[in-house]
Every structure is written in structure tokens, then in C-alpha cells.
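Here are my notes on this model, for someone opening it for the first time. Please keep the structure in view while reading.

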Amino acid sequence: MTTEGDVAPVARDAGGALRERLLAVAGPVAGLGLVLVAAAMLRHEFRIHDLADVREHLRALPPTRLALAMVLTACGYLALTGYDVLALRYVGRQLPYPRVALASFVAYVFSHNVGLSIFGGSAVRFRMLSGWGMRSEDVTRVIVFTSLTFWTGFLALGGVLHTFDPIRLAIPGLPLADSRALGLVLIGAILGYAVLVLRRRTPFSLHGIRIPAPSPGLAAAQVTVSSVDWLLAASVFYVLLPETSEAGFVTVLSAFLVAQVIGLVSHVPGGLGVFETTMVLLLKPWLAGDEVLATAVAYRVVYYLLPFVLALALLAGYELRRHRALLQGTGARVQDLLTAIVPRFFAVTIFLSGVVLLVSGATPELPERLHWLRRAVPLPLLEVSKLAGSLAGVGLLFLSHALRQRLDAGWVGTLVLLGAGAILSLAKGLDWEEASVLTGMALLLWPCRRYFHRRSSLLDQPLSAGWWMAALVAMSGTVATLELAFRHVEYSHELWWQFAHSAEAPRALRATFTAALALAALGSLRLLRPARRVPAPPSPADLDRAQAIVASSPTVGGYLALLGDKELLFGDTGRAFLMYGVRGRTWVAMGDPVGDPAEGQELAWRFLELADHHGGRAAFYEVSEENLPLYLDLGLDLRKIGEEGRVPLATFSLEGRARKGLRASRNRLLRDGYAFELVAPPAVPAILDRLESLSNDWLVGKRTREKRFSLGRFDRDYLCRLPVAIVRQQDEIVAFANIWSSEAKGELSIDLMRYGSEAPPGVMDFLFTELMLWGQREGHHHFSLGMAPLAGLEGHRLAPTWHRVGALLFRHGEHFYNFQGLRAFKDKFDPEWAPRYLASPGALSAPLVLARIASLVSGGLVGLVGR
């Protein structure tokens, strides 16, 4: 919903798009590089070992050591609760310790296993703490404080250990002989933190939230608690080492600190593969590689996997308790909760199921089972089963993304591949454990059909950089597994053509290569997407359909579609539509989807897919806070761009001192013979010539041009579709505005406002006042004054850069538009202000998207640089 003042600020040149794309892929590429390096190093180290050696060491693990590791794990997670206890003291809030412990345990388990993602620890902690009444600003401070606490212990312990007892760095290509230089750097960092705590008096700012430095006592407690946490975590790994290990605890602790941090910066969830490789290399002087790898696997199970299962149960219980009061007598809240959780849950688990099939295809079968298969399964069937199983794994990787986007075809395809994968697992190696897992996943997915309701092509779905990163890591891990499993088989070209029941290495090689080829083919298909297209304007029939939908909607901003300058995307049933424009690679939807909410959500997904299909980026301009969860689901970032003023008509009155100016202006014009009148659409053509004259006069007086996209313009067809409010003196029209209203009488507003040079002062006040009084008599709920661009953005020096730049433009950007004057005019009516947002793909893309929107509004470059 907009008025004439709705003009986006111009920001950043087009070169920012390249920087944005480079930054977006930098993290995933770096992480993939670390994974590939780790795989190469493992391949080098395991020239004399294979997976059977690792399994033997795992079987030899004494139960007493396993039990001790579990006790230490429990103590470690208990120590982690100290992070949150200190953080709550830092922000001056108190919560019962059981709640603190629950939030801490669940958050850190998710951080350890999932890493930085929508399932990460910060998101879990934010949800739980805010659910217990903490303000979002305080939760943010808690998250920042706990993150700092984590690093203080590492800096302190790592600095002391690596400085005074450095370990030898037997890493190929690394110029350093030992880790003393690393220790000195870490000591310098912790001393720098101490100086900051002692001397910093001015708070830091994070997205407008003030983050003060902790007190010296609190900082000392941070270092202590974090050091205890690191010591306990390393102790778990230490007690799982073989009893014959010659490595002392200090040596293991030093290696553990380095390996954990390298795993963290790799962007790989849980540092999987990177942590293990680093430990193998650093402990090489004391332990064989297969012994360290077996210890790392046991450590993953004890410290990561078992707590993760417990955390999932605790989180489910928390969510059910949280909504218990709301669930009495209705299942609506349960459905809302499940609708948000179920697609994400299956997206993760189905992806992991695909990884299971890929790894299974790259490893040998158990000898006793293969012996039975020789008698029962023909060789061609065995070969095809191995190959098809790996292809099914790639298919499940791909379909996991479709499940995340709630596609019905994704649900069907996943069930088919899970069933096929279970059968293939039995046919290729009697792997009943693997078949049971896949069958269980299919049984879990089967009754969840309702949560996958979107009808869309699987090939049209956009695949994010995060998905590609995860898929490439999975494929790289599969190749590394193949190398380790068949370390003693010398490669030759003849392997590709060897077919026999006993030829396991050739069979695994062909299966893994085919899976990699399938993933590469999928990437090629993404690169061969259709070229960009220029959207076609809507037909008169399309405009009629859109007008009927808007008329039955509670909001009226959808009437902008009737301008005909935006393409319309209709829902399957015709109960909703979305309007958008294209400038360059940027596809901009104007406002929220209009019409039926459920169909509107589907349209938002379709629009995202349509933009991606044509190589563009999708954005939603001027969206309301009610639909923010939808845009977060779409993977978009949100930026406040202004505020919309809404006047409740039930309480609107001209009485009182606050409305003295409006009352005086109205009475003066009434005395001078001015009158308010509504002209129905059939009568509008008779006055169009006069309205056009007033419009041209207004444009000349304001020294501006007609705008478009988010603003109305003088268009005869557009004006004839809607009622027009006029102000006349006797027979002479001096001002007008077209009216937006709905049949439900929820919202009332105006779009195009124009008046002539002979109009009296205060004529717009008079027009607005009369229209609000009319809407009040007709029973309309509220009157929308439209958005005040850049209003409500904080200009404080500690505010985020986005807000400070916006506030600066609001104060000094009069060349582009009368920002402050528009806000002051609307404030006369004492409206309730609601934020409006830009939803765009990534924070760095927002300025470029706004520049594209400004070009759409202004009609091109000429309009952009002029008024």
C-alpha cells in the first residue's frame, strides 16, 4: 500500500552484485577446499590401513572407558550451562536454572552437530529464551556473550599450551615446525581481550543493539568456565584412545584445540572429516592413523550423536509444553508447529539417507553375506543394484531440497526412492540394517502428505549455495571413503571392465563414478537454464480478475495491479495473485501476495522459482510484518524501509486540541463553498479531461515526473476502474484522488492525489478528512495513509549502517523526494505506524535491489536521476 511519497533510496553501483555473489560462495568454497584437503591427507596417511582396522579398534574399546567418556560428556555439557548462567548475569536477567540448563544443552548440541544454519544453536537459543519472556535485544546479547566465552577458553588454554609445550606440526606443505607461533598469537589475543575489558567504556553496536564490554570479574569467569569446558571435551577424546597410547593428556589437548577450531572455520557441520584429519596428522608421532580415526568415530557417537538424540526429545517436549495451553480444544496450533518443523526435519534426514546410500555404494559388502549372494543373486542384478543404489542416493540428496520447499512431487519421489533404496540394499549386499533405516524413513514420511502440498516442477526449484556445499561435501566424503575402503587395490584402467561377484572394488568404483556424474549433470542442467525474459503486460481480462480478487480482500494495495505496468502471477484456483516487475536480474514483487493466504504462500514460492529459473534474484518490496515468517521460509533477508500509517476510523474525530488544525482547515473550505464528492466509476470518463488538466498542473508545479510500479500515475483506463473523490467549488473541480476500498470494508485508502495551482491551501487536508469521515460512516475499519519511506530508521552513531544511511537520506534527501514533509503530513491524522520491509536474497544485495526498485518506480535511468 503506497502513496506518492513511496520512492526507494538509490544505493550502490551494479558492481556490488559481483561482490555479493563472490562473498556468498566464498564460505562454501573455502569449506569444500578444506574437506578436499582433508580427504587427500587421509588418503596419504592411510596407505597402510583400511576401514577394517578402524572397525577392529572400535570393537576393542573397553566398556569402562566408554562409560567414563559418557560421564565426562555429561560433565562437559553441565559446564556449558555456565556459559548461559554468566550471560544472563551479563544482561541483568534471571531465569530458573532448569530452564537455563535446557536452553544451553539443546542449543550447544545443535551447534555441535549442525553448525551455522537455520537449525543452529543460536536459532534454538533465541526461540527458547524469547519464549520465556526475554526481549530479542537481550537474547542477542546472550548469544554474543556465549560466543565470546567459547573463544576465551580456547585462547587462554591454547596460548599457554602451544607456547610452553608446542606440538610438532607434521602437516605436508606447512612451513612451521611446531605450534609455538600459534601459541604466541593466541596469548596476544587473550591479552587484547583483557585490555578491552579493562579500558573499553563505549558499548559496541550489532545491528543497532548495544553490546557493552563485560566487567573484569565476569571476563575472568568467562575464561574459567570456557577452559573447564575445553578440558572436559578433550578428556572425552583422551579416554577413548587405545590403552597403548603414548600421547599424554597435554599433547592430546593441544591437538584437540587446533582440530576443533579448524573444523569450526571449515563451515562443515560439526567439522566432519576436517576434525578427524587434523587429529590424525597432529597425533601421528604417537598413534597410528587408524587408532586415531577409530577414537574420533567413538567420540562423535558419545559427544555428538547421543546428546543430539536426547536434545531432539527435549526440544519436542519443550515445544509441546509451550503450546499446551493453546492446544486445549483445538489442533490448529499443533498443525502450525508441525507445518514449520516437518519439512525441515525430513529435508535433513532424507539428505542423510542419501549419504548412507552413497557411502554404501563406495564400500565393500560383508564377506559372509557376499558369499550367500553368489549363490542366490545373478551377477548382472548385483551390478545393477550397486549402481542404482548410488544413483538413488544422489536422487535423495536432490529431493531433500524439494521436501524443504514442501513440494508434493518431492514427497512422492522420496517415497519411491526410499523403497527402491531398501530393495537395492538387500540385492547388492543383504544390508538389512541399511534397508531397515530406509524403510523406517519411508514409514515416517508416508503419513505426512499434508505437509507437502505445493505443486511445482522439481527442476524449477532453486538450489541454494548451502545445498550445493552440502552435496559436494557428501560426494567428496564418498570418494574419500572409496579410497580408504580399497586402499590395497592398485588402480588400473582394467578395473572399469572387471565384472565378478568378488570384484568389489570395480563395482564400487563404477557406482561412485556414476553418482558423481549424476551430480555433475544436475549442475549442468542448472547452468543451462533459459535466458532472461521481459515480462509481458497483463491483458484486460487479467486486470478484471485481479480487481475482483482485491475487492474481496481485507487490504487494498493490490489495486496497484490495475496500472498495467506489472506482470501478474495468478494462483491455480484464481483466488490470489502476485504482481511484479523485472529490472536486470532483479525480479521485484510489489507487496505481499493478494487474496487467499494459503494460495498466496504458494505464489510466493512460485515467484521465487520463476526468478531463479530465468537466472534472476527474487525480492519482495514493501511487505508487512504479518508475512515475515513466509519470507524467512523463502530464505530471504529482511530490511526495514519505512513505516505505513493507518488511522483507526472507529475512533477518528475532529474534536480536541490535537485536531484543531484539521478542524479549522475543513471549516474554512466549507465556508468558502468547497464541497467533497464521490464519483462512481461509470461517471469518471465525463470528468477525465479536467482531472488530466489538474494532474499536469500538479506535475509542473512540483517539477516532477510521473512515477510507476509502487505509485499511481495518471492513466485514463486505471482511473475509470475505481471511484474518484473530488473537491469542487461550485462546478469547478480543484483536487481529486482515486479511491481504493474493499467489499469487506476492512481498509480504505487513496492512491493518485492531484490538485491545481488555483486550489486553496489545505485542500489535501480537507480531502483526507472528508474521506475518513465518509469511511467512518460507511463502516470501514481503518484508513491507510500509505508508507512514509525511510521513516522510523535510527540515525544514532551506534545504529547499523543501513539505518544510519536511511536516516541521513530521510533528513537530507529532498532532491529525491520530500521524505520529512510526507511523514509530517501523515502525522496530522495521528496514525498507528507499522513497519514495512524489503525481503531480498542476502544483506549485501539489498542496496542493489533498492536501486533496481528505484529504477522501476522512476521509469528508468532518466527518471532515476531526475525528480
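Buried means under 20% relative accessible area, exposed means over 50%, and partly exposed lies in between (1.4 Å probe, protein chains only). This is a predicted model, in which local features need pLDDT of at least 70 and side-chain atom pairs count only at pLDDT 80 or more, while totals for chains, interfaces and linings use all residues. Residues are numbered from 1 along each chain as its sequence is written, and side-chain values use heavy atoms, with hydrogens and water left out.

1. **Gln-730.** Gln-730 is not a glycine, yet its phi is positive, about 60°. Most residues other than glycine have a negative phi. Gln-730 sits in the loop between strand 10 (724-729) and strand 11 (732-741). Helices (H or I, at least four residues) and strands (E, at least two) are DSSP runs, numbered from the N terminus. Gln-730 counts as exposed because its relative accessible area is 69%.

2. **Asp-830.** Here is another positive phi in a residue other than glycine: Asp-830 has a value near 50°. Its place is the loop between helix 28 (819-827) and strand 14 (832-840). Asp-830 is exposed too, since its relative accessibility is 54%.

3. **The largest core.** A nonpolar core is a set of buried Ala, Val, Leu, Ile, Met, Phe, Trp, Tyr and Cys residues joined through side-chain atoms within 4.5 Å. The largest one here has 74 residues, and Phe-237 and Tyr-299 have the most contacts inside it. Elements giving two or more residues to this core include helix 4 (97-114), helix 6 (136-164), helix 7 (180-199) and helix 9 (249-265). Helix 3 supplies the largest share, 11 residues. In soluble globular proteins, nonpolar side chains tend to be buried together.

4. **Around Phe-237.** Which residues does Phe-237 touch? Setting aside residues up to four places away in sequence, its partners include Val-252, Phe-256, Phe-275, Met-279 and Tyr-299. Contact means heavy atoms within 4.5 Å. A second, separate core has 46 residues, among them Leu-563, Val-594, Leu-688 and Val-857.

5. **Asp-229.** Is Asp-229 buried or exposed? Asp-229 is buried, because its relative accessible area is 5%. Asp-229 belongs to helix 8 (residues 216-239). Beyond its neighbours within four places in sequence, Asp-229 contacts Gly-76, Ala-79, Leu-80, Tyr-83 and Tyr-303.

6. **A nonpolar surface patch.** Leu-58, Met-70, Val-297, Val-301, Leu-305, Leu-306 and Val-309 make up a nonpolar patch on the surface, with about 540 Å² of accessible area together. Patches are made of residues with over 30% relative accessible area and no salt bridge; like charges are joined within 9 Å, and nonpolar side chains (Val, Leu, Ile, Met, Phe, Trp, Tyr) within 5 Å. Accessible areas come from the Shrake-Rupley method with a 1.4 Å probe, and for residues only the protein chains shown count as cover. Helix 11 (residues 289-322) gives the most to the patch, 5 residues. Leu-305 lies in helix 11, and is partly exposed at 45% relative accessible area.

7. **Glu-770 and Arg-666.** The structure holds 21 salt bridges. A salt bridge is a side-chain nitrogen of Lys or Arg within 4 Å of a carboxyl oxygen of Asp or Glu. Glu-770 and Arg-666 form one, at 2.4 Å from N to O. Glu-770 lies in helix 26 (residues 763-778) and Arg-666 in helix 23 (residues 660-671), so the pair ties together parts that are 104 residues apart in sequence. Glu-770 is buried, at 9% relative accessible area, whereas Arg-666 is partly exposed, at 22%.

8. **Other charged pairs.** Arg-716 forms a salt bridge with Glu-692, with the closest N and O atoms 2.7 Å apart. This pair links helix 25 (residues 716-720), which holds Arg-716, to helix 24 (residues 688-702), which holds Glu-692, 24 residues apart. Lys-745 forms a salt bridge with Glu-778, where the closest N and O atoms are 3.8 Å apart. Lys-745 is in the loop between strand 11 and strand 12 (747-755), and Glu-778 is in helix 26, 33 residues apart. Finally, Glu-383, Arg-507 and Arg-510 are linked in a network of salt bridges.
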